[in-house]
Amino acid sequence: MDMAQRETWTSRVGFIFAAVGSAVGLGNIWSFPFQTASNGGAAFLVVYLLAVFLIGFPTMLIEFVIGRRSKQNAVSAFSELGYGNWTFAGVIGVFASFITLSFYSVVGGWVLNYIVGSVTGGYLGDASTFFGSVSSGTVAVAAHAVFMAITIAIVAGGVADGIERATKFMIPAILVLLAGLAVWGSTLSGASAGYAYYLSPDFGVIATNFTSIVPSAMGQAFFTLSLGFGVMVAYASYLGRDDSLPGDSAIIVVLNTIVALLAGFAVFPILAATDALTGSTGAGTAFVALAGAFGQLPAGRIIGFVFFVVLLFAALSSSISLLEAPASYVVDSYDTERWKVAVGVGVVAFLLGIVPAYGYVGLFNDFVFNILLPIAVLFIALFAGWIYGGEAVDELGRGTSLGRGAMTAWLWWVRVVVPIVVAYTLWLGVTNFYA
Ligand code: PHE
Ligand code: NA
C-alpha cells in the first residue's frame, strides 16, 4: 500500500463500528462466560471489570495514539516511532494475532456446526453430547477449514465494506437476542443460584485463587478488547485527526462490556437450572448452556439458528482483523499481492489450528491469555510511557476536551501502574502455565 495516500475512515462512526466489530466476538459470548464460570464466578467478574477499566481502557488509548500518529501497521509503527529498536513490540502483537487466529477459527467452526445443528435439530436432544461430537476431531477440522476459508476470502477480496455494514446490524441483533435469552433465563427455576454465582463476589475466593484469577482476568480483558495484537494500532492508523480518542475508546469499551455481561446473564441461569454451575466447566460451557436453552424454548431451533448466525458475524468481524494484522504486515514489507498473502497466512494458521481442533483449544487459549498478551502489552506500555512520552500526550490531546492534568495522569499511569501490574500478571501467568 502506498503510504502517501492512505485512506481514512469515512466517518467517526465507521471507525467505531470497525473497532467494535473487532472487539465484540467469541471472546464476549464464548470465552467470557467460560472464564467466569471456571474461575469462581463473581470473584472473577470483579477482577475482570477492574482489569478492563483500569488497565484495558488506558491501554486502548496507547494503541490508538500510536496508530493515529504513525499511520502505519503495528510493526512499522513501533519500528519507526522507536527508531528501529522497538520493532519487536509490533512483531509480538502480530505473532499473537496469528496464534489466536489458529484457534479462534476452530471455535468459529464450532459456531458453523451449531448453525447446521439448528437446521437438523442435532443439539436439541443432549446438548453436551452434541458439543462433544463437533468440538474436536475431523468434524471440527472440516468446520475450521470452512471458517478460515471465509475469513481468507473476505480479507483477500477486501470486502471490508460488507463487514462494516454487517457490523451495523450485528451489534443491535446480538444485544436484542442476548437480552431476550437473559429475560427467558430469569424465569428458570435455578435463576437465583445462577445470579448469585455470577454476581455476588465471595472475596475469600479472590484471596485464595488470586494467583490464577488475576492472569485469567487480565488476559480476558486484553483479548476481549483486542489489545496487544496490533489490531487497534492498525485501525487507528486510518483515523482522521480530530476525533476524540478517549471518547471513542469509552464507547468501544462500554459496548464490549455490555455484550459480555449480557452473555453472562443469559448463560448463568441456564447453567444453574441444569445443575452445571459447579460441574466441570470448560471451553464448551457457553455452547452447551445456550444450545440446551434453545432445546427447551418454543421455536428454539429458529431462535438458535438466528443466534448462531449472528454469532458467526461477530466471530468473522473479529477473525478478519486477526488475519489482517499479519497479512498487512507482510503486504507492506514484502510488496506481495494482497490475496496471495491472505491465502498464505490463512493456510498456515489453518494448519496450526489442526492441533487445537483435536482438543487443545484450552491450551492455546491459556498460552495467549497468560503469556503472549501480557508480554505484548507490557512492551507497548513501556514504549508509550518512557520512549514516546510527551508526543503520546500531544497526540492524545488532539480532538479531545481532556485537560492537561488528566492527560498527565494517563501518562504516569501508563508509565508506572500499567507496567507493574502487567509484569506481575505475566509472572503469575508464566508460573501457572508451566505449573
Ligand atoms: N476481541 C475479540 C473477541 O472478543 C478477539 C480478538 C482479539 C479479535 C484480537 C481481534 C483481535 O472475540
Ligand atoms: Na470482545
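The model is predicted. It includes a sodium ion, ligand 2, with protein donors at 2.1 to 2.6 Å. It also includes ligand 1, which has 15 residues around it.

**The sodium ion**

- The site of the sodium ion (ligand 2) is octahedral, and the angles among its six donor atoms run from 80 to 174 degrees.
- Along the sequence, the donor residues of this ion follow the spacing A-x4-N-x195-T-x31-N.
- Thr 224 belongs to helix H11 (residues 210-224) and Asn 256 to helix H13 (residues 245-273), so this pair ties together parts that lie 32 residues apart in sequence.
- Thr 224 and Asn 256 are both buried.

**Ligand 1**

- Of the 15 residues that surround ligand 1, the closest are Ala 23, Gly 27, Tyr 104, Phe 223 and Ser 226.
- One polar backbone atom of Ala 23 is 2.9 Å from a nitrogen atom of ligand 1, and one of Thr 224 is 3.1 Å from a nitrogen atom of the ligand.
- At Gly 27, a polar backbone atom is 2.7 Å from an oxygen atom of ligand 1.
- The protein buries 100% of the 320 Å² that ligand 1 exposes when taken alone.

**Arg 68**

- Arg 68 is located in helix H3.
- Its relative accessibility is 0%, so Arg 68 counts as buried.
- A polar atom of the Arg 68 side chain is 3.0 Å from the backbone oxygen of Asp 243.
- Leaving out residues up to four places away in sequence, Arg 68 touches a set that includes Ala 236, Gly 240, Asp 242, Leu 245, Glu 395 and Arg 398.

**Asn 73**

- Asn 73 sits in the loop between helix H3 (42-70) and H4.
- With a relative accessible area of 5%, Asn 73 is buried.
- The side chain of Asn 73 has a polar atom 2.9 Å from the backbone nitrogen of Val 75.
- A polar contact of 2.9 Å also joins the side chains of Asn 73 and Ser 76.
- Apart from neighbours within four places in sequence, Asn 73 is in contact with Ser 328, Tyr 329 and Asp 332.

- Most residues other than glycine have a negative phi.
- Tyr 83 is not a glycine, yet its phi is positive, at about 50 degrees.
- Tyr 83 lies in the loop between helix H4 (74-81) and helix H5 (87-120), and is exposed, with a relative accessible area of 70%.
- Ala 299, also a residue other than glycine, has a positive phi near 60 degrees.
- The loop that holds Ala 299 runs between helix H14 (285-296) and helix H15 (300-334).

**Val 183**

- Val 183 is part of helix H8 (residues 160-186).
- Val 183 counts as exposed because its relative accessibility is 55%.
- From C-alpha to C-alpha, Val 183 and Phe 78 are 46 Å apart in space, and 105 residues separate them in sequence.

Key:
Residues numbered from 1 in each chain as written. Chains lettered and ligands numbered in written order. Heavy atoms only, no water. Donors = N, O, S within 2.8 Å, 3.2 Å for Na, K, Ca; no water. Tetrahedral: all angles 85-135°; square planar, octahedral: opposite > 155°, others 65-115°. Helix = DSSP H or I, 4+ residues; strand = E, 2+ residues; numbered from the N terminus. Buried < 20%, exposed > 50% of the residue type's maximum accessible area, 1.4 Å probe, protein only. Near = heavy atom within 4 Å. Polar contact = N/O pair within 3.5 Å; in protein donor to acceptor, adjacent residues only side chain to side chain. Areas by Shrake-Rupley, 256 points an atom, 1.4 Å probe, with all protein chains shown as cover. Contact = heavy atoms within 4.5 Å.
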